[in-house]
Amino acid sequence: MSDLEDLLYKYALTNAVKHKGKAQMGAVIGSIMSSHAEFRSQAKEVSKLAGQVVGKVNSMDPETQASELEKRGGLIEKEKKVEQKGLSDLPDVKGEVVLRFAPNPSGPLHIGHARAAVLNNEYVKRYGGKLVLRIEDTDPRRVDPDAYDMIDEDLQWMGVKIDEKIIQSDRLPIYYEYAEKLIDMGAAYMCDCEAGEFKKLKDQSLPCPCRDLGVEENLKRWKNMENRGEGEAVLRVKTDIEHKNPAIRDYAIMRVVDAEHPRIGMKYKIYPMMNFSVAVDDHLCGITHVLRGKDHLANSEKQKYLYDYFGWDVPVFIHYGRLKMEDIALSTSKAREGIEEGIYSGWDDPRLGTIRAIAKRGIMKESIQELMNEIGVKMADSVVSWKKIYGLNRAILEEAANRYFFIWNPEEVIIDDFPQEGNEIIKRPLHPDFLDRGYREIPFNGQFYLVKEDLYEGYKEIPVIDGIISEESTEINSDIINYAKELEYEFADKLLYKAIRLMDALNIIVFRLDYESQDTEKDYIGVVYNSSFEDAKKVGAQFIHWVPAEDNLEIEIVMPDASVTTGLAESSCKDLKVNDIVQFERFGFARLDEIADGKLRFYFAHK
């Protein structure tokens with residue numbers, strides 16, 4: 001009895017004992033496929049053998065089934081799945097590995113590319129070996145000349161170390177050599193059938209007339225291929241003409257392209273199809289493992305035909321699920337259209353999912369690396385949210401980013417009775433947890449800016465009777481009542497107040513008559529102050545940030561939706577350098593992108 005047959009027998013006995021002597025073939029096959037991945041590629045054999053084994057088991061009486069099962073160790077209990085954390089091991093590793101990252105140079109890399117790039121890089125670090133960068137540019141119409149450099153830059157930013165780089169447009173003579181070898185061995189043929197007609201035959205599992213051409217005639221046609229027009233002739237590899245997947249039947253491996261290549265011009269007009277050039281290069285580069293999306297399952301099968309013809313070892317193909325990202329544009333072609341139409345400012349527009357757009361916003365490469373390692377190479381599709389990325393990135397920036405004050409939508413406030421000689425310097429740490437980084441110094445003279453919403457929202461009411469403040473309310477701190485009386489104002493129906501603690505400075509109590517109106521030049525009637533931190537807690541003050549009215553910087557922050565938030569920042573920001581990432585208190589993290597004419601331009605990362 002073979003290993004597979006013995007395994008099926010035990011699963012069938014287990015299923016029969018659990019179900020009153022009758023094993024279910026579907027359940028037995030399902031158990032084999034879910035618990036023994038090595039048999040998944042033998043589905044036909046498993047199914048055929050399972051039918052025979054289940055029939056044999058079901059012909060037994062329950063006592064015999066139980067006895068047979070006991071001889072084989074008893075019931076097979078369903079294994080509990082233990083979720084593996086971190087990047088899983090590569091299968092079938094024999095020493096060092098050789099992996100490859102193979103983008104098409106149609107534009108810069110986006111976060112979808114990051115998965116393959118980062119994971120290949122991680123596996124090379126784990127097992128030793130090398131990572132090959134292969135630029136797949138054999139479709140002249142899908143080549144952006146700038147992409148060659150952009151890909152290198154994006155990989156460098158992600159921390160992906162490339163050991164060898166090849167560009168397929170440099171290797172066309174190599175593909176010609178192997179195409180001719182296939183013709184010589186009778187494994188490929190020149191086909192000049194009209195595409196629609198060939199498809200009709202292929203869909204019916206019928207060969208086209210060209211399939212039976214002799215080697216000599218095929219070589220003659222191959223030599224003359226460069227004189228044919230686009231679509232007039234292709235070179236096809238012979239596969240199984242009755243294969244269940246029509247796409248695999250005698251697929252094309254070389255075709256004529258009447259287009260100028262941005263890199264090599266019109267030097268060549270015969271270009272390989274992806275499945276051919278990939279198989280040749282993977283073999284010549286000694287690739288041991290191929291990480292690719294599950295949309296390449298059929299391509300892996302196509303390429304195995306070529307490996308078999310040439311007698312090459314087949315690399316280990318590892319397929320993973322799709323990576324989807326919420327609320328972000330990942331399509332390179334759509335992004336290009338948007339750039340050309342002026343919808344996006346460029347490849348680094350914050351609304352795009354390109355690596356350079358993500359980097360521009362202050363997302364750290366370590367957070368992308370951790371994200372991709374966490375997703376790994378599982379077959380299930382993965383959905384990535386900005387919330388997840390922000391969480392990983394925040395863990396890095398909380399320690400790395402220094403703190404500063406920034407006031408958006410600024411409103412000036414003047415403390416009416418602040419003394420002239422009251423000027424002082426407020427010292428605040430660059431980072432509360434790392435005092436050795438130093439302090440910022442912010443001047444304070446009673447004139448400052450607050451965020452308008454902080455000034456106009458969150459007021460409480462002091463009862464007023466016949467224009468006089470009522471002292472009957474026990475919910476209002478007596479100090480607030482006393483401050484209000486000092487205004488010597490005849491009040492109408494109500495008086496509103498708000499207690500604010502200006503961070504590291506002092507307290508202010510803002511009084512207003514009309515809570516609803518925000519259109520008057522100054523719709524608060526008095527601002528009094530008290531510098532005690534303890535008093536701030538007594539009156540339930542809101543702790544908010546501020547910037548001085550006479551010593552600040554104009555800045556703008558590009559938000560994730562490409563809108564721009566403008567405002568004023570403390571003058572300490574003048575010491576920042578381009579690429580510095582800061583945390584604007586009560587606003588969020590932002591990366592300094594540009595300094596021009598004294599104005600600072602940031603890109604917002606997240607809160």
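This is a predicted model: local features need pLDDT of at least 70, side-chain atom pairs count only at pLDDT 80 or more; totals for chains, interfaces and linings use all residues.

Colleague: Which way does β21 run against β20, parallel or antiparallel?

Modeller: Antiparallel, with six bridges joining β20 to β21 (residues 507–512). The hairpin of β20 and β21 has four residues between the strands, and D504 takes a positive phi near 65°.

Colleague: And how many bridges link β18 and β20?

Modeller: Four, in the antiparallel sense; β18 covers residues 460–465. K460 has Y497 of β20 as its bridge partner.

Colleague: How many of β20's nine residues are buried?

Modeller: Eight, so the strand is mostly covered.

Colleague: Switching to helices. At what angle do α7 and α11 pack?

Modeller: About 70°, with the axes 11 Å apart. That makes α7 and α11 roughly perpendicular to each other. Y178, K181 and L182 of α7 meet L306, Y309 and F310 of α11. The contact residues divide into five nonpolar, no polar and one charged.

Colleague: What about α1, which helices do its buried residues pack against?

Modeller: They pack against α2 (25–35), α3 (43–58) and α4 (62–71). The buried residues of α1 include L4, L7, Y11 and L13. The helix has 16 residues and reaches 23 Å, close to the 22 Å expected. Just after α1, K20 takes a positive phi of about 55°.

Notes:
Residues are numbered from 1 along each chain as its sequence is written. Side-chain values use heavy atoms; hydrogens and water are left out. Helices (H or I, at least four residues) and strands (E, at least two) are DSSP runs, numbered from the N terminus. The expected span of a helix is 1.5 Å times one less than its number of residues. Buried means under 20% relative accessible area, exposed over 50%, partly exposed in between (1.4 Å probe, protein chains only). Contact means heavy atoms within 4.5 Å. Axes are lines fitted to C-alpha atoms, for helices over the stretch in contact, and angles run from 0 to 180 degrees between N-to-C directions. Angles under 35 degrees count as roughly parallel, over 145 as roughly antiparallel, 65 to 115 as roughly perpendicular and the rest as oblique. Ala, Val, Leu, Ile, Met, Phe, Trp, Tyr, Cys and Pro count as nonpolar, Asp, Glu, Lys and Arg as charged, and the others, Gly among them, as polar. Two strands pair if DSSP finds at least two bridges between them.
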